[in-house]
Each structure stands twice: as structure tokens, then as C-alpha cells.
Amino acid sequence: MILALVGNQNSGKTTLFNQLTGANQHVGNFPGVTVEQKTGEIKGVKDTLLVDLPGIYSLRPFSSEELITRDFILRHKPDGIINIVDATNIERNLYLSLQLIELGYPIVIALNMMDEVRNNGGSIDEKKLSHRLGVPVVPISAINKEGLDNLVNAITSTVQNNLYPKKLDFVKNGAMHRLVQKVTGIVSANAQKVKISPRFAATKVIENDNPIITMLDLSKAQLNLVESAIKAMENELKLDRNAALADMRYAFIENICADAVVKGSESKERKLSLKIDKILTHKFAAIPIFLLIMFTIFYLTFEVVGKFFSDILAMGINEVIKICDKGFTAYGLNPIVKSLILNGAICGVGSVLSFLPIIITLFFFLSILEDSGYMARVAFFMDKLLRKIGLSGKSIVPLLIGFGCSVPAIMATRTLSSSRDRKMTILLTPYVSCSAKIPVFAMFTAAFFPKHRALVMITLYILAIIIGIAVALIMKKTVFKGKPVSFIMELPNYRFPSVKSVLLLMWEKAREFILKAFTVIFTVTIIIWFLQTFDYKLNIVDHNDDSLLALIGKVIAPIFRPLGFNDWRISTSLIVGFSAKEAVVSSLNVLFGASILQSGAFTTASAASFLVFTLLYTPCVAAVATMRKELNSTSKTLLIVLAQCLIAWIAGFIVYKMGALL
Amino acid sequence: MTLDKLKIGAFGIITKVNGQGELRLRLLDMGIIPNTKVEVVKLAPLGDPMEIHIRGYELTLRLDEAKQIEVREIAK
């Protein structure tokens, strides 16, 4: 039994999904945070597959994400639909419900946040609502796990007994009624042929929805009949077709609500949100507060929480190395195998693993910003600024996620409705320095700028953003000319992020990172160890200068001479960094041993240019692959990667020359 | 008058939704249709976009988009 979970953005859809399936999934309070179709079996009900679809307001899609939902419903034809409705915002939520009911699939409406409605003195008569809509309605509170058993029973029995929604007439008579009847008759046979409900097809034809009209394959004569019927209605009602349809639906909803809904006093949640917004979106304070919040997050992540745990973890890893070393020596293990385990595996993986706490902490803060509803506010007050560089306020979400990792950030651009904004945002995401580069920055600032670590780190982040803005401005003037698209966005009430969902997210990120450390990074370090231990005749080398790796690295090294580091070990580490940015650190550790500072390979100036180059050059292979998928163009992706390497080289060169002057 | 001219804290009744294409469809879908009551809640710190309260929820839209919405001001 395949069930689709469909609802407006911010209706608590993902929370319900988590409660029903117990799956590891992220809950967002920003419009449209669900970027992938997640599926799961409903707990306790065998052979069910619940699909969490991106939030939509109407079956008329605007963003590529909304298209996913509509395509899934129309093409995959789920056996049933759970339509989640935010009871505190019932009118606009039912607008989608009416369209879903027209589809004619077995459907149950889950009336969510009923606890908030009751707390504000309101009530909803679900029996009346169910009677008027002709489908089962179950009141629930997803966050408090209320009514979930009823919901599961309702949807399974509705699907198993093939209970289809009753035919609904939004208006009993009048021009619109006649039009819908007439068009339903005209398109009926065609609709049945492609297995969609004639009534739904009729509304879509009236809306002039091209994909559906093409799907129906209507003849010229049929289209002419439809067109003249619409003209007649428009003349009679003095309303165009779209306004007339929206008006009909909302009038029907208002009528039902007058019957079944008792509105409470102004909701406490809204009053609180308005109060919070007095400060957080205050005319003068909003942007300084935002910067302060971001600064605090970075400070706590790097200097306080992350550092504390990272130091402990690093100490632990060092102890492991010491104990293993002693044990292996006492045992008399073959020195090559010993070197493989200690210098290759443990040293490489360990150097990366110690950054786990920093990355988890950063994701913790980002998820709180998102789930609380604050990110939507940031989009609201940053829109005007972002529009100046050709983006929209909504671009801020992917960009902020980019501080964590470029891969989910690039995927989050699906929430943007214009393809121009989307491409621009994808292009700029790598200029928000991702958390995988943190190990590199941390290692180098500790070695070369011990007195100004925080300052150097912040400067790097800001430098990347400034270069990103410059790139955006150039793009806006050249490739991405054109009008800005609309910015119509819901501002959800502030909500306490659910502890469960934040913890689930942190666990998910920790697991991903550990997995990466033991797969990609582990493999890479073993390969590096192998290449630096043997020469091309597979003899063990006395010094890694004669190794296979040196042979390769020396070919590339001269490219970086103008940047101040002409050492094959460094150029190798940068190439290895393409697999994962953390691997830059692990391979430097393997190649230099523990003494990068004493090695003399870097001066302060060349360390700075190395940092800048690492900051700006191509994102890792996972991010590039995601970019290729989302842009759907290999050549454009390659061009972007090359351009980024070039920009990184130039910036590194300038920094090195400036450093040499000082 | 149009929605962008309505003062902060003022109420209005929508009389007509202009504009075309996707923008207009989106506005209609979000419940911005004739005879609906709106309140202007605030302007973003830099003066654009604006936040309105409609059908029990908060919506933001740019002034350019608000220009497409005709309203009649009413007392609270």
C-alpha cells in the first residue's frame, strides 16, 4: 500500500512523518525544507510505504520541488493520500484539500495542531467537516502524538475498502456550476483514458494547465467547445477563469468553516511571534542581530563547544596511537604493516575524526535556526540586499546550510521557484565555506597563526563571501540578466524546535561523517600511504621523495610555485582534497608526519596563500556531482569547477605577494 | 488604492487582483482574492518586502507584487 503524505508547507508534515514511521528525518519550519522524497513503513502496519512529499499550496506547481509532489501524485498514483491540514490555518490549507479530493483517490484529512486550536478557545467539528467534504477527517496533534492511531486506522480502512471521496459540488448553481459540469462532460472520455478523474481534469483544463491538457490529448473541436464555455462564464461573472476558480473554492471553504469551525481568540502563538518579530525583524536591529547570531554560532562552535570536545577526542586518538605503537613493537609486528596501520590508517582517519564535534555542533545550530522559523525571517529582511546581487531572499537558506555542507545546500535550492535564482544560488553556494574545510583551517591557523586563530578564520570566511558577491555581480550583468521573480512566502509562527528532530539530525550528520571518515578518507589515506611507501618498481623507499607519489606530485607542484609552495606533498594533498576536503589534512599528516611547521615547506605567507587556495578551489567530488545533477549539465559544471580553481589560484597568488611584502 | 500604499497597521478589503501569469496564480492560490480582508503588519527593515496578515496567517510579498493588488481601506 503506497500512501502519499501531502500538505501545505509548515503544516507539520515532516513531524507527522517522523511519528508515523520513526524514520531518521529532518523537520523544518522554513517553507519547503523537505528536499528529498523520504519514505518509510508506518509503525505496526505491514506492507505500507508512506512517502513524504514536499509541501505545496496548490496542485499548480511553481518551484521544481512542488513539481515533484504533483508528478508523484499524478504519475505514481498512490493507493491513498494522507492530507495533513494545519487546523490553525484551516482556510488556506483546505484550498489544497479541495484539489486533492477532486483527484478522486482514497483520502483522509489529518487535522493537525488541534491542541493549539483548543488552547486558544477554538473548536472544529470534525464530523461536520467530514460530512461536508465527503472524506474522513481525523483530528491529531503530530507533535504530541495525539490521534495517530485513529489516523492510521482511518487511512488503512479507507484504502482497503476502496472508499473514494464523494463527488463534491463547490457551487450548487450559477455560471461556474454550469461550466464545471459542461467541461467535465467534454473531457470525461479523455480523462478516463489516462486514468485521472474527469472532474479534476475539467478544473485543470479550465485553469489552462498545459501539462494536463497535453496529457489529455484533447481534439481541436473539444478545446474550442471548452474555450467558448469559459468565455460565456467570464462574461456572465465578470471574472476571469482563474479568479473565478479561486473564488469558487474559497467561497466554498468559507461556507464550510462558518458551519464547522469556531474560531478562538487571536492565537497565543501568533501574539508571541509578533512580539519576537518586534525585535528580530526590527527596522534597525534586525541585520545586526542576525550578524551577532551568526558570529555567536561560529564562536560557540569553534572556540567553545567544538574545541573542547575536539581536544578531548584528539587526545584520545593520540593515546590510541601510543598504545598501538607499544603493543605492535612488543609483539614484533612487521614494520611495514605497523606503518600501514599507524601512519596510514589511524593517523589519517584520526586527524579527521577529531573534527566530528565541531561539525555536529554547527549542524545543531543550523537546524535550530531553520526549525524555529528564524530562517524565514532572515529571508524576509535579506531579500532586498540579496536582490541587489541577483538572488532572492529565499536563497539565504541554501547559503546558510552551505556553512554545514554544500551537498544538502545545493539540494535545498529546489525550493526556489525561478530557475535563474536556482542556478545563481547553486553557483554561489561553494563560496560559503563548508565545514569540511574547518580541519584545514584549524590545523594551519594553529601552526602558523597561533596568536590570531579566530581572526584568520573569520577573515577567510568573509573573504570567500566577498569573492562570492563579486562573482554574483558579474553573473548578474552577463549570464543571468533578466527580471527578478516574485517573492511570495509564508512567515510561519515561531515554534520550539522538536528535540527529537534536532537530535535525529545530529545523529544523522554524525553517522554520515563517521562513515565518510572510515570509507572515503580511510581509502584515500591507504592509497596515499601505499604511493608514498613504494617506488614505481614496488620497492620500499627509504625516503618518500623517491616514492610513486612524489613522482606524480612533482609534475603538478610547479603550478603552485607562484603561490609560494613548491612541494610535491602539498600539491598532492590538494588533489586528494577533491575526494573530501578533510583529506587535505589527513594526507598532509601522513606525508609530513606530525611536523608540518618544522618541515620548512611553508612560510607564513605561503601558509596564508595555501589557506586561501583551499578556501576557494573546487568543492569536493560529492558537491560537484550534486551540482551536476541539479544543473543537469556536465559542461556547465566543468566550467564552474575550472573557474573556481582559477579564481582560487589568482586569489592565492595575490595573498602570497601581499604576504611577502609585509 | 493598491496594497503597497496601505499604511502599517491599516486594514483593507481586496477589490481586484491584477498582474499576470504565475505571479497572479500564486496570489490567488494563497487566498488573495477579492472580498478578503488584509492587514499590513510591517515592512522589512530595508523597506521591502512587506508582511501582511490574511486568512489567519502571515505572508510576505514585495512592494512590486503588492502594487498588483487593489484594496479599499476599511476601519479596524
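Trainee: How far can I trust chain A? What is its mean pLDDT?

Mentor: This is a predicted model. The mean pLDDT of chain A is 88. Of its residues, 97% reach 70 or more.

Trainee: Where does pLDDT stay under 50?

Mentor: Look at residues 26-35 of chain A. The model still gives that stretch 45 contacts beyond four places in sequence.

Trainee: Okay, the overall build. How many helices and strands does chain A have?

Mentor: Chain A has 28 helices and 9 strands. Its C-alpha atoms fill a box of roughly 90 × 55 × 55 Å along the principal axes.

Trainee: What domains is chain A divided into?

Mentor: Domain 1 covers 2-160, domain 2 covers 175-262 and domain 3 covers 527-661.

Trainee: And how many Å apart are the C-alpha centres of domain 2 and domain 3 of chain A?

Mentor: Those two centres lie 61 Å apart.

Trainee: What share of chain A counts as buried?

Mentor: Of its 662 residues, 49% count as buried. Contacts also reach along the sequence. Among those in chain A with a separation of 6 or more, 72% join residues 24 or more positions apart.

Trainee: Let's go inside. Which residues touch the most other members of the largest nonpolar core?

Mentor: That core has 203 residues. The ones touching the most other members are Leu5(A), Val108(A), Ala110(A), Leu111(A) and Val183(A).

Trainee: Take Val183(A). What does it touch?

Mentor: Leave out residues up to four places away in sequence. Then Val183(A) touches Ala202(A), Val205(A), Ile206(A), Val226(A) and Ala229(A).

Trainee: Switching to strands. Is strand 4 of chain A covered or open?

Mentor: Strand 4, residues 80-86, is mostly covered, with 7 of its 7 residues buried. Both faces are covered. Gly80(A), Ile82(A), Ile84(A) and Asp86(A) are on one side. Ile81(A), Asn83(A) and Val85(A) are on the other.

Trainee: How does strand 1 of chain A pair with strand 4, parallel or antiparallel?

Mentor: Strand 1, residues 2-7, pairs with strand 4 of chain A in the parallel sense, over 5 bridges. In that pairing, Val6(A) stands opposite Asn83(A).

Trainee: And how many bridges join strand 4 to strand 5 of chain A?

Mentor: There are 6 bridges, and the two strands run parallel. Strand 5 is residues 107-112. Ile81(A) stands opposite Ile107(A) there.

Trainee: Now a helix. Why is helix 24 of chain A largely enclosed?

Mentor: Because 8 of its 9 residues are buried, helix 24 (568-576) is largely enclosed by the rest of the structure. Trp568(A), Arg569(A) and Val576(A) are among the buried ones.

Trainee: What do those buried residues pack against?

Mentor: Four helices of chain A: helix 22 (499-533), helix 23 (548-556), helix 25 (582-592) and helix 26 (604-616).

Trainee: How many bridges pair strand 3 and strand 4 of chain B?

Mentor: They pair over 5 bridges. Ile54(B) stands opposite Tyr57(B) in strand 4 of chain B.

Technical notes:
Residues are numbered from 1 along each chain as its sequence is written. Chains are lettered from A and ligands numbered from 1 in the order in which they are written. This is a predicted model: local features need pLDDT of at least 70, side-chain atom pairs count only at pLDDT 80 or more; totals for chains, interfaces and linings use all residues. Domain bounds come from an automatic or database domain assignment. A nonpolar core is a set of buried Ala, Val, Leu, Ile, Met, Phe, Trp, Tyr and Cys residues joined through C-beta atoms within 7 Å. A residue is buried if 20 or more other C-beta atoms lie within 10 Å of its own, exposed if 12 or fewer, and partly exposed in between; C-beta atoms are placed from the backbone. Two residues are in contact if their C-beta atoms, placed from the backbone, lie within 7 Å. pLDDT is the predictor's confidence in each residue, from 0 to 100. Two strands pair if DSSP finds at least two bridges between them.
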